[in-house]
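User: Hey, I'm new to this one. Can you walk me through a few parts of it?

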Amino acid sequence: MTSEIRFGTDGWRAIIARDFTFANVARCSQGLVDYLKERGKADQGLVVGYDTRFLSREFAETVVCVCAGNGVRTYLARESAPTPVVSLSVLTQEAAGAAIITASHNPSIWNGFKFKPEYAGSATDEITGRLEDRIDAVSEPSTIPLSEGIERGLIVEFDPKPGYVQRIGSLVDLSLIKNAGFHIMVDSMFGAGAGYIGDMLKGGTSTVTELNGYRNPAFPGMEQPEPIAHNLSGLMARAQAEGASVGIALDGDADRVGIVDEKGRFISTLEVFSLLALYLLEYKEMRGPIVKGVTSSTMLNKLAQRYGGEVHDMRVGFKHIGPRFSEVDAVMGGEESGGFAFRGHIPERDGILSGLYVLEFMARTGKTPSQLLEELFALVGPHYYRRRDVAFVPSQREEIQSRIESDRLTELAGQPITSSDEIDGKRLFFADAWLAYRFSGTEPLLRIYCEAGSQENVNALLEAAANYLGV
């Protein structure tokens, strides 16, 4: 029997050797080729990239060999590369899309297969649904050896980095950052983003110290390569001890960012999203909508109101956020996970560009990260946030779901629920807070999110929510 291949929030992800096997990657690749041929796009070719996970290069070679076996040209990245770098290459190569072997921030035993269509963003549900149909219909993939594909000119290796660096240079004043005298610490989390920020900021008075800037597929010292507080204890300690101006962390495929301030404190992803929005609206004087996942901060609504824009609340995942971002020509799009997209770039998350915009904000204002946060709070008031991830066994899901969907709940932690919505999972609103429940689209986790005017209220609401759900 073959494993079922289904695309979640962003791509198909599975445990290596159990479901993420060479045979299944070949099936997935054949289904993708059939989909491209069905749409008349196969002649444009396909970009193929991969991260630093176990066997990612070899899985990527499986993809290109299947494509070559079907007469489809591929542009294979010479070495591991960040997802936004590979995604941008879809446009520079004028390709039909990109296949990227990555499980992003998942633990080390996982790998994955992302498809980025011709617009260089995440594939929509409509696209992945049709792709899954083609994969299900595959009986035996057509493939040829790598050497034969190269000899026939169907497999072409290329370096996606120069085109990406050129694009970044058109968006960010790299010279300003280089000469700001910053001491920047970058935690690449053993991922594909290693070296990128340091290479772009060479030659000035600023210095970059990189942590975990080499490949180790085990991702030692962290639960998973996700740039959130409990995975960044090393970065936070060193930033404080060594007097860093800022700490920047990138996830496994560098499409997400985490920021640590000059005091070694983690700045929440909701705060980073809001800081970046403030920078674009106030200092770069951009105007237009903001597109955000439902679990992002209400600070964005306050900023949008201040600068005459509107906010579009979307389901979590860039397959929902990206299309709306493009449709309304948004200033910025993003989600609670630390993934942000920017006008003038691609409709896709970019952790590297996000980090560079934070640096540009600092250089332009002469303020530290904590001072920038004070400026934000002076405009919108203090906001505190925490997310709680709860693992569950499949047999629990139905009971948890029924509790989430119940309308019997009228208060939590002694606070009346003023309203609710079900854009993605369930979001509850209180007088000075909101709380949301949703199941992860890529892992067996229930995520509980909360933002409020005090940390005490956040903690109280999260505890009450977990007790109510029985998790």
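Predicted model: local features only at pLDDT ≥ 70, side-chain atom pairs only at ≥ 80, totals over all residues.

User: Is Phe115 buried or exposed?

Analyst: Phe115 counts as buried, because its relative accessibility is 4%, under the 20% cut-off.

User: What is Phe115 in contact with, leaving aside its neighbours within four places in sequence?

Analyst: Among its contacts are Leu32, Tyr35, Leu36 and Leu46. Others include Ala96, Gly97 and Ala98, and also Ile127 and Leu131.

User: And what separates the C-alpha atoms of Phe115 and Gly193?

Analyst: They are separated by 19 Å, with the two residues 78 apart along the chain.

User: Switching to sheets. What's the strand order in the open sheet of five strands?

Analyst: The order is β8-β7-β9-β10-β11, and the pairing is mixed. At the edges sit β8 (207-211) and β11 (266-267), each of which pairs on one side only.

User: Which way do the strands pair, parallel or antiparallel?

Analyst: β7 pairs with β8 in the parallel sense, over five bridges. β7 also pairs with β9 in the parallel sense, over four bridges. Strands β9 (residues 246-250) and β10 (residues 257-260) run antiparallel and are joined by four bridges.

User: How many of β7's residues are buried?

Analyst: Five of its five. Both faces are covered, with His183, Met185 and Asp187 on one side and Ile184 and Val186 on the other. In a regular strand, side chains alternate between the two faces of the sheet.

User: Which helix lies across β7?

Analyst: Helix α13 (residues 351-365) does, and it also lies across β9 and β10. α13 runs at about 170 degrees to β9.

User: OK, helices then. At what angle do α3 and α6 pack?

Analyst: Helix α3 (residues 83-92) and helix α6 (residues 161-171) pack at about 95 degrees, with their axes 9 Å apart. So α3 is roughly perpendicular to α6.

User: Which residues make the contact?

Analyst: From α3, they are Pro84, Val85 and Leu88. From α6, they are Lys161, Gly163, Tyr164 and Arg167.

User: How many of those are nonpolar, polar or charged?

Analyst: Four are nonpolar, one is polar and two are charged.

How values were computed
Residues numbered from 1 in each chain as written. Heavy atoms only, no water. Axes fitted to C-alpha atoms, helices over the stretch in contact; angles between N-to-C directions. Helix = DSSP H or I, 4+ residues; strand = E, 2+ residues; numbered from the N terminus. Parallel < 35°, antiparallel > 145°, perpendicular 65-115°, else oblique. Contact = heavy atoms within 4.5 Å. Nonpolar A, V, L, I, M, F, W, Y, C, P; charged D, E, K, R; others polar. Buried < 20%, exposed > 50% of the residue type's maximum accessible area, 1.4 Å probe, protein only. Pairing = 2+ DSSP bridges.
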